[in-house]
Amino acid sequence: MENTEVHLCSNCATATPTPEQMQLYEDLIVSALEGGSNYWYFLPDLSMAKEPKGEPTAIRIFRSAMNGARIPVEDAEDQHILGYLTREGILCAMDKLMKTSTYLYQAANIMDGNWDAISADVWFQMAVMGEVVYG
């Protein structure tokens, strides 16, 4: 994975991501949903993630959230809602990671393009819940 500049701004929710940033966020979502976060999350309603047809589910989820959908994310064990995957959450997750000293290592790995499923999981938790709860 190559080094991609990531949003670090005071108003990240209104930022317009570059194509490279969009690809990074999509890759992080795919990695989190298909591996890094499987131990804690459940997606109860994917009815809003229908487009684009023919794309893998994780990409449809990412694109739906970036287009304004609020995708509920539940705890895998007791199915209570933990938060929602939204455009704002996706765009602000790195900002939140950088402000949390415990996860600076993961944030640096993402920014350097040297991330893995663990980094994607931490990023996804920030995107959904605004904090790291699991792991």
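**Figure 1. Contact between helix H1 and helix H2.** Met22, Tyr25, Glu26, Ile29, Val30, Leu33 and Glu34 of H1 are in contact (heavy atoms within 4.5 Å) with Ala58, Ile59, Ile61, Phe62, Arg63 and Met66 of H2. The residues of this contact comprise 10 nonpolar, no polar and three charged; Ala, Val, Leu, Ile, Met, Phe, Trp, Tyr, Cys and Pro count as nonpolar, Asp, Glu, Lys and Arg as charged, and the others, Gly among them, as polar. The model is predicted, with local features requiring pLDDT of at least 70 and side-chain atom pairs counted only at pLDDT 80 or more, while totals for chains, interfaces and linings use all residues. Residues are numbered from 1 along each chain as its sequence is written, and side-chain values use heavy atoms, with hydrogens and water left out. Helices (H or I, at least four residues) and strands (E, at least two) are DSSP runs numbered from the N terminus.

**Figure 2. Geometry of the crossing of H1 and H2.** The axes of H1 (residues 19-36) and H2 (residues 57-66) come within 9 Å and cross at roughly 130°. Axes are lines fitted to C-alpha atoms, for helices over the stretch in contact, and angles run from 0 to 180 degrees between N-to-C directions. H1 and H2 are therefore oblique to each other; angles under 35 degrees count as roughly parallel, over 145 as roughly antiparallel, 65 to 115 as roughly perpendicular and the rest as oblique. The crossing of these two helices is right-handed, a term for a near helix turned clockwise from the far one by less than a right angle, with anticlockwise giving left-handed.

**Figure 3. Packing of H2 against helix H3.** The axes of H2 and H3 (residues 87-98) cross at roughly 95° and come within 7 Å. The two helices are therefore roughly perpendicular to each other. From H2, Phe62, Ala65 and Met66 meet Arg87, Ile90 and Leu91 of H3. Five nonpolar, no polar and one charged residue make up this contact.

**Figure 4. The open sheet of three strands.** The strands lie in the order E1-E2-E3 with antiparallel pairing, where two strands pair if DSSP finds at least two bridges between them. Strand E1 (41-42) and strand E3 (81-85) are at the edges, each with a single partner strand, so one side of each lacks a neighbour in the sheet. Strand E2 (residues 71-75) runs antiparallel to E3 and is joined to E3 by four bridges. Within this pairing, Val73 stands opposite Gly83 of E3, and Ile71 has Leu85 of E3 as its bridge partner. The hairpin of E2 and E3 has five residues between the strands, and in this hairpin Gln79 takes a positive phi near 55°.

**Figure 5. Aromatic pairing of Tyr25 with Trp123.** The structure holds five aromatic pairs; rings of Phe, Tyr and Trp (its six-membered ring) pair if their centres lie within 6.5 Å, and planes under 30 degrees apart count as stacked, over 60 as edge-to-face and the rest as tilted. The ring centres of Tyr25 and Trp123 are 6.0 Å apart and the planes are at 10°, so the pair is stacked. Tyr25 in H1 and Trp123 in helix H5 (residues 117-129) are 98 residues apart, and the pair links distant parts of the chain.
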